[in-house]
Amino acid sequence: MRELPNVLSVYEKYHDKGFSIIGISLDQDKEALTTFLKAKNVTWPQYFDGQGWKNKLALQYGVQSIPATFLMDKNGKIIARDLRGEELDAAVAKALDTKQ
């Protein structure tokens with residue numbers, strides 16, 4: 001929860017420049033997830049399968065703690081992971097610069 005304001009800020013700052021987020025929900029209750037997303041103004045899509053820590057994408061990417069971040073290039077290659085705070089902002093800015 002502590003990192004969410006930073007992620008929201010980076011999303012708002014770079015979304016119009018091509019930055020997107022896909023959330024992987026580890027929730028089991030869809031209604032609780034929907035309520036949380038609305039309350040926190042999280043607008044990016046969420047992958048929800050109701051399986052909690054057995055979520056298909058979480059298992060595929062080896063998510064063992066949250067938040068887990070994976071910065072991917074336009075080809076889907078992971079170029080950084082587990083970024084927080086200013087590191088996330090700087091990595092996204094750099095990745096977008098290299099796309100231009």
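Val 7 touches Ile 21, Trp 44 and Leu 88, leaving out residues up to four places away in sequence. This residue belongs to helix H1, which covers residues 4-14. The model described here is predicted.

**Val 7**

- Val 7 has a relative accessible area of 15%, and because buried means under 20%, Val 7 is counted as buried.
- Val 7 and Glu 86 are 79 residues apart along the chain, while their C-alpha atoms are separated by 10 Å.

**The largest nonpolar core**

- The largest nonpolar core has 20 residues, of which Phe 19, Trp 44, Leu 71 and Val 92 touch the most other members.
- At least two residues of this core come from each of H1, helix H2 (30-40) and helix H4 (85-99).
- The element that gives the most to this core is H1, with six residues.
- Trp 44 is in contact with Leu 4, Val 7, Leu 8 and Tyr 11, as well as Ile 21, Ile 22 and Gly 23, when residues up to four places away in sequence are not counted.

**Asn 55**

- Asn 55 is located in the loop that runs between strand E2 (46-47) and helix H3 (56-60).
- The relative accessibility of Asn 55 is 0%, so this residue counts as buried.
- The side chain of Asn 55 reaches the backbone nitrogen of Leu 57 at 2.8 Å.
- Beyond its neighbours within four places in sequence, Asn 55 contacts Ile 24, Ser 25, Leu 26, Tyr 47 and Asp 49.

Notes: Residues numbered from 1 in each chain as written. Predicted model: local features only at pLDDT ≥ 70, side-chain atom pairs only at ≥ 80, totals over all residues. Heavy atoms only, no water. Helix = DSSP H or I, 4+ residues; strand = E, 2+ residues; numbered from the N terminus. Buried < 20%, exposed > 50% of the residue type's maximum accessible area, 1.4 Å probe, protein only. Contact = heavy atoms within 4.5 Å. Polar contact = N/O pair within 3.5 Å; in protein donor to acceptor, adjacent residues only side chain to side chain. Core = buried A, V, L, I, M, F, W, Y, C linked by side-chain atoms within 4.5 Å.
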